[in-house]
Amino acid sequence: MKASYLGAMGYAERHLFPDVWPIPPAYHDPQLSVQSYQDGLTECEFAEAMGFEWISFSEHHYSGRIATGNPAVMAAAVAERCKKVKLAMLGPLLPLNNPVRIAEEMGMLDNISAGRLIMGFLRGTPNEDQVYGVNPAEGRERLFEGMDLILKALTEPQPFSWEGRYYQFRTVSVWPRPVQQPLPPAIMATRSDDTVKYAADNGLGLGVSFVPVEQMERITDKYFTWCRQAGWEPQPDQVVYRGSIYVAETDRAARAWLSGLEGGAPRRAIALEPNVSRVVQAARAGEEFDLRRVLAGSPQGDVVGRSLGINFLGSPDTIANQMKAFHDRCGVGVMDLFFQQPGLTHQEVMGEIELFGKEVLPRIKEF
Amino acid sequence: MADVMPPIAFTPRRITAGGLSLNCREAGAGLPVVILEGLNWGQSRFYAALARQFHVFVLELPGAAAAVWAGGISEITGQLAGGAPYSLIGASPAANLALRIALQDPAEAEEEAERLEALILISPTAIRPVPAPASLTPEQWAGRLLAYPERQPDLAGLVAWLDKLAANSGSGADSGYEPDAAAAARCFLPAAGAAQLESRLGQVRCPTLVALGSRDKLVTPEAAALYRRQIPNCHVSLVYDAGHIIAAERPEALSNVVADFVENRETFVVTRQRSVINP
């Protein structure tokens, strides 16, 4: 099993943010922000030094908790600091973005990093649908068409035009081509049945985030079944789990940290106005439904309306055992880990990276 | 999807030239567009959309369109357009014929060649087709021609057309009923001389649009690049989520790009749609 460090680049004073989304730009201090990005880059370098094999990037907008609205920009910066790790774009939100632009970014990143890119395709959390004025009801179809267009743009050797349902481009001729041929590895980050099946039918890896191991097992069972039906078998690197982590010297210390948080749990990562959330979810599902009853892996779509707490909490032994369960029960080959819990300083995060690197990583590499 | 626009009435006529006598359907006004019709299933919405903008002539070809002599057809197409410059469209088997018309020796057919303003090849299988499986039923062929056969309300009509094609393609000297796959393959795949056709692509002189469905199972992925690279003034348009019979699955997208190309030829790459939301 490999470990991946999520390069969140969180704003240093994110623990002072109000419990809303979007975070007003008034909370932004330029000097603190500059330092926060430098700290984040340092964390990525340190993670590489401690043996993490991937650095990952996600796209989140209008918040300093994960301050990478353009993950390609961040990945390019990290590519110059970290020369060994894979750069996992987990990833660009296809419904929001121009697929041809995404294809260009992927081509550039693969060249800048000399062939270390891992591509990811995501629909995005419900709040992100508001960012660029995309109709939530169109998100799934835009995702599928975007993926097809990106893959064609990165492989078609001659210029072409594209007559899609949501995208029309009369000239597509992406440059540069990826270094990795015919394509860099690609991961579909999802929980929904139809997109998990799409991944299986199209030879894409699977990425799932923040769900308990029981739900992960249900999702990967379906994925592996559909892959077999499609005539192929995923490699370990093609099954990725993203989880939140807090590792301490002892289980007791880890629990003490958790109970010391306001409310005894991490604050909600993305808090939409309730009515807004309901409208977005209804639009995504094409029907009225209750956000709280949507289960991961259902056809209704991705649901990250509430923080699901800490997925890995405890001593190095405890965490290694927790991760082993994901490996043994779900076939997870890459653990993509979010260390920047609210309230942790940069030095504390560095301490966790070191502890994980020294005490957990050697064990999970044996799985 | 129901066509919410008023229906277009095509007027039938008979036309004779070059030793051939063929049925034709005519509608619309404006720039002349001649459509060579080898497959008359699933095309009506596409034809109607074009007829709302152009003067459309749908030339009905015999079952094995690839076997019709290009020289005779080009005399007919020129006559239909009344001697004026025109755009020529061919889909699937008829696309291969349209390409052969465009490749006629200018010394022998100079006038016809000069009148051809734009060539539009829809799902051409002239070069690099996917080899057909050894034996397929008409139902299986129908599934091979479409990305989503289950979405077609008149799939039975396509199956019947393929069945009729097989029944009518008997050699005469034998039993008269050819195996289904062989008959359909001869219709959709190029006639003998495909390699020579590929080698002559550089001789096409008019602006050319090649439209391919992104889920076409009859055309190899490298075909698009070959057309683009070898035909001097060629543009390739991929119609997302459509199979081989693009007009049946995404008629609006196909008519949009074809109409734009007829109107603007190679300058169709310039976006003319306004994107102002509010002044």
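Contact here means heavy atoms within 4.5 Å. I'm working on a predicted model, where local features need pLDDT of at least 70, side-chain atom pairs count only at pLDDT 80 or more, and totals for chains, interfaces and linings use all residues. Residues are numbered from 1 along each chain as its sequence is written.

**Entry: two helices in chain A**

I looked up which residues of H4(A) meet H5(A). Arg140(A), Leu143(A), Phe144(A), Met147(A) and Asp148(A) touch Asp194(A), Thr195(A) and Tyr198(A). H4 covers residues 139-155 and H5 residues 193-201 of chain A; they pack at about 10 degrees, with axes 12 Å apart. H4(A) and H5(A) are therefore roughly parallel (angles under 35 degrees count as that).

**Entry: Ser58(A)**

Is Ser58(A) buried or exposed? I found Ser58(A) buried, with a relative accessible area of 2% (buried means under 20%, exposed over 50%, with a 1.4 Å probe and protein chains only). Ser58(A) sits in the loop between strand S2 (54-57) and helix H2 (71-81) of chain A. Leaving out residues up to four places away in sequence, I noted that Ser58(A) touches Leu6(A), Ile66(A), Thr68(A), Pro71(A), Leu90(A), Gly91(A) and Arg242(A).

**Entry: chain B**

I noted eleven helices and eight strands in chain B (DSSP runs, at least four residues for helices and at least two for strands). Of its 279 residues, 53% count as buried. In helix H5 (138-145) of chain B, the buried residues are Pro138(B), Trp141(B), Ala142(B), Arg144(B) and Leu145(B). They cover an arc of only 160 degrees around the axis, which puts them on the same side of H5(B).

Terms used: Chains are lettered from A and ligands numbered from 1 in the order in which they are written. Side-chain values use heavy atoms; hydrogens and water are left out. Axes are lines fitted to C-alpha atoms, for helices over the stretch in contact, and angles run from 0 to 180 degrees between N-to-C directions. Angles under 35 degrees count as roughly parallel, over 145 as roughly antiparallel, 65 to 115 as roughly perpendicular and the rest as oblique. The arc is that of the directions from the helix axis to the C-beta atoms.
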